[in-house]
Amino acid sequence: MAKMELAGEMYEVDENGFLQETEKWNEDVARAYAAKEGVNEVTADHWTVINYLRSYYLENGICPMIRRLIKVTGFNLSQLYELFPNGPANSACKWAGVPKPTGCV
Amino acid sequence: MKRSLKLTDISKDVDTQLIEIDIDKLIPLPPPYDKVEELPGFKQLTEDQRERLVCNLDGVVSTALPKPKNKEEEKKYIEQFVSGLKKLLSRENNWTFLQPLLLSIDYCAQCQTCCDACPIYLASGKNDLYRPTYRSEIFRRLVNKYVKPGGKLRAKLNKGDIELNWTTITRLYELSYRCNLCRRCAQSCPMGVDNGLITRELRKLFSQELGWAPKELHEKGTVLQLEVGSATGLRPHVAKDNFEFLDEDFTEVTGIEVSTPWDKEGADILLIHSAGDIISFPENPIAFSILCNAAQVSWTLSSEIPGYDGINYGVFYDDVQLAKVAIRHAQIAKKLKVKKIVIGECGHQHKAFMTVADRVLTGDLNIPRESVMTFLENIVFSGKIKFDPSKNDFPVTLHDPCNIVRNLGIVEPQRRILRYLCPQFREMTPHGVDNYCCGGGGGLSVMSDVNFTDWKVNVSGRIKFKQVLEAFADQPGPEVKKYLCAPCLNCKLQFRDLFAYYGAREKSSIIFGGLAELIVNAMVILKKPFITWGEY
């Protein structure tokens, strides 16, 4: 298993850098991921998306559809890409500490 | 001048890579996609990855196999490999595929005709490692050596004896995932040898005997699907909840009432989508809801595990998992007392459920199964829905999913729909049963570990991407909006990776989607276009 240092702690991650132990996530982890992608300030808009992704994942065991994410958060796709450089799946889910979506998605 | 790769090289030089992929040797793409320096590049493995993972093939890792702990572990796997070879060749253990396997082992004339049919070999600039016969001939020699009487002695006397060691089996494992199982090679073979089948038998050996399978196909694939209902992790109530959301959302967007029936006992038809479509490409399943309702079809979806996820990754790597999923799907249909099952826009689901599953669905589980292509054709030409083809007046081309078209021979229904509803429909060259795979076939489109996606977009999907661009060569620029119809979820995932990597949406305004969306887009009753090139 690959390991990655985030905010001074070592975490198990998959080969694409996604956190494997979602329960160990904290806000500093999100900030550390953001910094790795060149985003030095995690704003209230980022948190809206991150918190929604996390709570939806914890409740349903899967990330929400993009369509739902857009409807609930009020950000359209290009705004999401502005906030998260690699997009909702590859950045936002990663920062939120939930696994990379698999299985034909 | 590079040295040509020998078959016996597979067992040599433990930790070194067998070949390097040279981007400049790959077949060229038309402008503006010919400038390698403007593309995201091919990710190299990190030191840490080389330290932890087996990476002795081509600098690409798709299966993320950890390195062995000690020599005993290596030995155990090699013994398992030999026992697996013997099982593949015994009727008792491999009654399903023994006959075609034996024919493919015994009748290869070494003419290499198949090589020129293989999109991976061609795209790679004819790299020996990717010849369909490279993998197969090594497998054949190992079978002859370890399974046939007197084989070991004969192997010693003949030239080209393949030594079986840890390096051999790990390279063969990784190499079995450098094939799309598209079976273009089998189609071109004058003897009927099926190298795609041999590749899949190899994967099966690794999965069923050594417990080696890519996690996207096994642990997070069939295992997850059988446990929670879907390889996406979508549980029954979440699937239904998502559809309720979509019904409402699309009622708003389209201005017509959209609704989706669930678990309706006694309906004529059980429609099985792939759950990935619900999450990633919801326009497709919603288009089906619109069409079925408009054509007054008696239909239902199922929320029973795994009746709302029609995928069956077993067809890519494992007979046991294949049978388990197929039987569950049939049992669900039986319980709902439907007259037939309609298989959604998913290629491997067609192959798994329409043909391969025939061997296990006996008695009253052998419920009639119909392809989405004929199902949609009947809806379109039923006269129950009014269409205005001028709504689809933009360039459209069609991708043929290998499993539906080459492997099942379903060629014309989808074309009759497109000729009727899309005034600017044009074919790719070649197409129909001669098509090229999208590059994601054989389960590859759902595998994205380490740097495998880079290989898929640069090598296995290269010829298909070139074909798509050439189909639109008359209007290549971004000012003309174009639609690639790809009626298969796995193919769409591969196109998503390809288009993102090359920037096809921005540079050429090409989008991709299914067939049902094009049909809905032409419906007179819809006030606004169903297909949009912008974002929602």
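This is a predicted model: local features need pLDDT of at least 70, side-chain atom pairs count only at pLDDT 80 or more; totals for chains, interfaces and linings use all residues.
**Entry 1: overall build**

I began with the whole chain. Chain B holds 23 helices and eight strands. Along the principal axes, its C-alpha atoms fill a box of roughly 75 × 55 × 45 Å. I then checked the radius of gyration. A compact globule of 536 residues would come near 24 Å, and chain B has 23 Å, so the two agree.

Next I looked at burial and contacts. Of the 536 residues, 63% are buried. I took the contacts with a separation of 6 or more, and 80% of them join residues 24 or more positions apart. The accessible surface is about 20400 Å². Carbon and sulfur atoms account for 53% of that surface.

**Entry 2: the four-stranded sheet**

In what order do the four strands of the open sheet stand? I read S2-S1-S3-S4 in chain B, with parallel pairing. Strand S2 (299–300) and strand S4 (369–371) of chain B are at the edges. Each has a single partner strand, so one side of each has no neighbour in the sheet. I noted the general rule too: strands of a sheet pair through backbone hydrogen bonds.

I went through the pairs. S1(B) and S2(B) share two bridges. S1(B) and S3(B) share four. S3(B), residues 340–343, and S4(B) share three.

Then I looked for residues that face each other. B:Leu270 stands opposite B:Thr300 in S2(B). B:Leu270 also stands opposite B:Ile341 in S3(B). Further along the sheet order, B:Val342 is opposite B:Glu370 in S4(B).

Two helices that pack on this sheet went into my notes. Helix H15 (residues 319–336) of chain B touches strand S1 (269–272), S2 and S3 of chain B. The direction of H15 makes about 150° with that of S1(B). Helix H17 (residues 372–380) of chain B touches S1, S3 and S4 of chain B. The direction of H17 makes about 70° with that of S4(B).

I also asked which residues of S1(B) lie on each side. B:Ile269 and B:Leu271 are on one side, and B:Leu270 and B:Ile272 are on the other. All of them are buried, and both faces of S1(B) are covered. The general rule is that side chains in a regular strand alternate between the two faces of the sheet.

**Entry 3: helix H3**

I turned to helix H3 (residues 98–106) of chain B. Its buried residues are B:Leu98, B:Leu101, B:Ser104 and B:Ile105. Why do they lie on the same side of H3(B)? They cover an arc of only 130° around the axis, and this puts them on the same side. In general, an α-helix has 3.6 residues a turn, so residues three or four places apart point the same way.

What do the buried residues of H3(B) pack against? I found helix H2 (71–88), helix H5 (132–146) and helix H9 (195–210) of chain B.

B:Ser136 lies in helix H5 of chain B. It has 0% relative accessibility, so B:Ser136 counts as buried.

**Entry 4: B:Lys240**

B:Lys240 sits in helix H11 (residues 236–254) of chain B. Its relative accessible area is 29%, so B:Lys240 is partly exposed. Setting aside neighbours within four places in sequence, B:Lys240 contacts B:Trp262, B:Asp263 and B:Ser303. I also checked B:Ser302. It is 62 residues from B:Lys240 in sequence, and the C-alpha to C-alpha distance is 9.4 Å.

**Entry 5: backbone exceptions**

I kept a general rule in mind: most residues other than glycine have a negative phi, and most peptide bonds are trans.

Which form does the bond from B:Pro31 to B:Pro32 take? It is cis, with omega near 0°. B:Pro32 is in the segment before helix H1 (47–52) of chain B. The bond from B:Thr429 to B:Pro430 is also cis, with omega near -15°. B:Pro430 is in the loop between strand S6 (425–426) and helix H19 (452–460) of chain B.

For phi, I noted B:Gln110. It is not a glycine, yet its phi is positive, about 60°. B:Gln110 is in the loop between H3 and helix H4 (119–123) of chain B. At 39% relative accessibility, B:Gln110 is partly exposed.

B:Arg183 has a positive phi of about 65°, and it is not a glycine either. I placed B:Arg183 in the loop between helix H7 (166–175) and helix H8 (184–188) of chain B. B:Arg183 is partly exposed, at 27% relative accessibility.

Terms used: Residues are numbered from 1 along each chain as its sequence is written. Chains are lettered from A and ligands numbered from 1 in the order in which they are written. Side-chain values use heavy atoms; hydrogens and water are left out. Buried means under 20% relative accessible area, exposed over 50%, partly exposed in between (1.4 Å probe, protein chains only). The arc is that of the directions from the helix axis to the C-beta atoms. Contact means heavy atoms within 4.5 Å. Two strands pair if DSSP finds at least two bridges between them. Axes are lines fitted to C-alpha atoms, for helices over the stretch in contact, and angles run from 0 to 180 degrees between N-to-C directions. The radius of gyration is taken over C-alpha atoms; the globule rule is 2.2 Å times the number of residues to the power 0.38. Accessible areas come from the Shrake-Rupley method with a 1.4 Å probe; for residues, only the protein chains shown count as cover.
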